[in-house]
Amino acid sequence: MRVALFATCVTDTFYPDTARAVVRLLARLGCTVEFPLDQTCCGQMHFNTGYPDPAAELAARYAEIFAGYDAVVAPSGSCAGMVREIHPGLLESVDRPASGVPTYELTEFLVDVLGRTDVGAYFPHHVTYHPTCHSLRMLGVGDRPLALLRAVRGLKLTELGEAESCCGFGGTFAVKNADTSLAMLTDKMTAVLDTGAEILTAGDNSCLMHIGGGLSRLRAGTRALHIAEILASTEEEPWRATR
Amino acid sequence: MARNPVTWLGTPAFPRAAAAALADPQLRANLRNATHTIRGKRARVVAELDDWERLRVAGAAIKDDVLADLGGYLRQLEAAVVERGGVVHWATDAAEANRIVLELVRAKGADEVVKVKSMATAEIGLNEALAEGGVRAVETDLAELIVQLGHDRPSHILVPAIHRNRAEIREIFRREMPDAPADLADEPVALAEAARRHLRRKFLSAKVAISGANFAVADTGTIVVLESEGNGRMCLTLPETLITVMGIEKLVPRWSDLEVFLQLLPRSSTAERMNPYTSAWTGVTPGDGPREFHLVLLDNGRTATLADEVGRQALRCIRCSACLNVCPVYERTGGQAYGSVYPGPIGAILAPQLAGDPHDPQVASLPYASSLCGACYEVCPVRINIPEVLTHLRAEVVHAKGKRTPEAIGMAALAWILREPYRYEAAQKAGSLARFLARDGKISRLPGPGAKWTAGRDAPVPPAESFRAWWKRTHA
């Protein structure tokens, strides 16, 4: 099976540890992952902010770059949602072909394609999980991430209150409506801190950048970490905070 | 053409209006309590029906059928209403609808009318227009009465006084309701009783009533109003003349279609299996109810909305307000920040389309008043894909603003970078220099547009090496 990693621009640029974790995790599960170097961005920010034309160009690039693989894996519910839900219409609008290659969010790929909920991970920390909106509502990942986390040795999982409420990131919403975004963030952080967890995890680094940035500003002592890094962590090679 | 009053003149753009609302602790607490309570109740009553998803699909399909031949169904409705003794009027815009209603009221020699809660009449500013013409309109829905007596604006489609607490309501009643008891308590029962006594006199003396419509059945000419308090039933039966103002999209083709909507609407709006009062009337019935019935069919931007292939799904809306109750933005800002009688997610797509002016900065701000979390789409009983329409309307706003705005220039530059991997890589390398802004592993202050980010959150410290740089070094 030829699996391509779509790192996403946010993870590639700001969170290389997450993408490295995906590579390590999938290799451990017997997949050889390729990283097509022509990839850049799925166009979500352009599309969601009202710029469908450049988004359509980026969608067309995406379809070309990932053509020929058996599957694409992205460590992001919202980018995978963009590709699956929005790209088809955009490609049609510019009369460009779809690649026909399925794009999976990481936890979907692990559970549905590889058939694994126990990925042999070890992570001796107290964790809470935020289901990001697009993974929840666009993709419908359901409890796959929780099933994966529950199988991680050493991990203590505390359920997040009001988990399905948006954290307030919303791409450019976070700056265009900064006050409302922060009000939503405050409630999300309150719920996170109520769990007493050391680590807040999710399947989207963009949302984690927002919630984690708020927690950091408050010196809350809880840090945000992508679920890939938890699942990649093992007894032999445990996760260590790098930054 | 006159300005469409669907958005309120003088309201600041959403971000500013929201900032003011966010700072109001009473508002925040009321909204939190109200939205969370109704959310839970709705989820429970919806879960009772194992065919809920099929009902949603049916609701959307029936409405789409209406929209596909709106002209035909409207003519069918008109013929049925006329045949049963009603009079049908057509109004292109708010001003025309208001003029028609005022003339009808004047012809009856009335200087006061009683009103059933109605979004269409609120949309067109009918009360204000009647007041200018010397006619006092009395809202008889309790929450609408509170808003009216408080010289206030509504903040929710279903519960327009959601932003008021009982102490405030008592003050409003004491100040504005001449027949309120001097020792009025702030207990809900006492407040409701004061309103009941006040309104009872109005019902008995009014010659003309004005209503909206939840549904109009094209093949029978029947108009249907759903309500909880019974005030509507009073208005619809006691006065001699009834005037109904109805948006042209409120149609269903057949009487039997109501089976779907009378399940969808109460469960979605008040989280009830069935609403307490459902009134249905067809033209006039001698010796029973109003002797004269006028139906004003209101366009006010709907035909233009219908012409938009993506945006037209907003015309399926049955005004249940389920989307408001689950919206994380609405929950925090309340309805007045949207500057329209239609707030929340549906307002953010309906008000701009009805207003039809993406150059108006307040109107242009509405499609951006959402994090696109999708909670609204999930609960919408007629499956309006609100996030889809929001991004569609954002594109219209961007188009209207042109290519010279700082945002458009920035977006074009970013697209130019993202089109070529080598440019993207160069930008990553340049951007990673921002790591030198970090103090103690944090970036707490960014310049330019980034300042809005760092106002409340630290920014990620860019790594010395991007993932692709690492991959190239280790794999390529």
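User: Before we start, what counts as a buried residue here?
Analyst: A residue is buried if 20 or more other C-beta atoms lie within 10 Å of its own. Please keep in mind that this is a predicted model.

User: OK, so how much of chain B is buried?
Analyst: Of the 476 residues in chain B, 49% are buried, and the secondary structure of this chain comes to 23 helices and 10 strands.

User: Does its radius of gyration agree with a compact globule or disagree?
Analyst: It agrees, because a compact globule with 476 residues would have a radius of gyration near 23 Å, and chain B has 25 Å. Along its principal axes, the C-alpha trace of chain B spans about 90 × 55 × 50 Å.

User: Switching topic, how many residues of chain A are in contact with chain B?
Analyst: There are 50 residues of chain A in contact with 50 residues of chain B. On the chain A side, α10(A) gives the most, with 7 residues, and the residues of that side divide into 25 nonpolar, 16 polar and 9 charged.

User: And how do the axes of α10(A) and α1 of chain B cross?
Analyst: The two axes come within 8 Å and cross at roughly 40°, where α1 of chain B covers residues 14–22. That angle makes α10(A) oblique to α1(B).

User: Which residues make that contact?
Analyst: From α10(A) there are D179(A), T180(A) and A183(A), while α1(B) brings P15(B), A18(B), A19(B) and L22(B). By class, this contact of α10(A) with α1(B) has 5 nonpolar, 1 polar and 1 charged residues.

Note on methods: Residues numbered from 1 in each chain as written. Chains lettered and ligands numbered in written order. Predicted model: local features only at pLDDT ≥ 70, side-chain atom pairs only at ≥ 80, totals over all residues. Helix = DSSP H or I, 4+ residues; strand = E, 2+ residues; numbered from the N terminus. Rg over C-alpha atoms; globule rule 2.2 N^0.38 Å. Buried ≥ 20, exposed ≤ 12 C-beta atoms within 10 Å, placed from the backbone. Contact = placed C-beta atoms within 7 Å. Nonpolar A, V, L, I, M, F, W, Y, C, P; charged D, E, K, R; others polar. Axes fitted to C-alpha atoms, helices over the stretch in contact; angles between N-to-C directions. Parallel < 35°, antiparallel > 145°, perpendicular 65-115°, else oblique.
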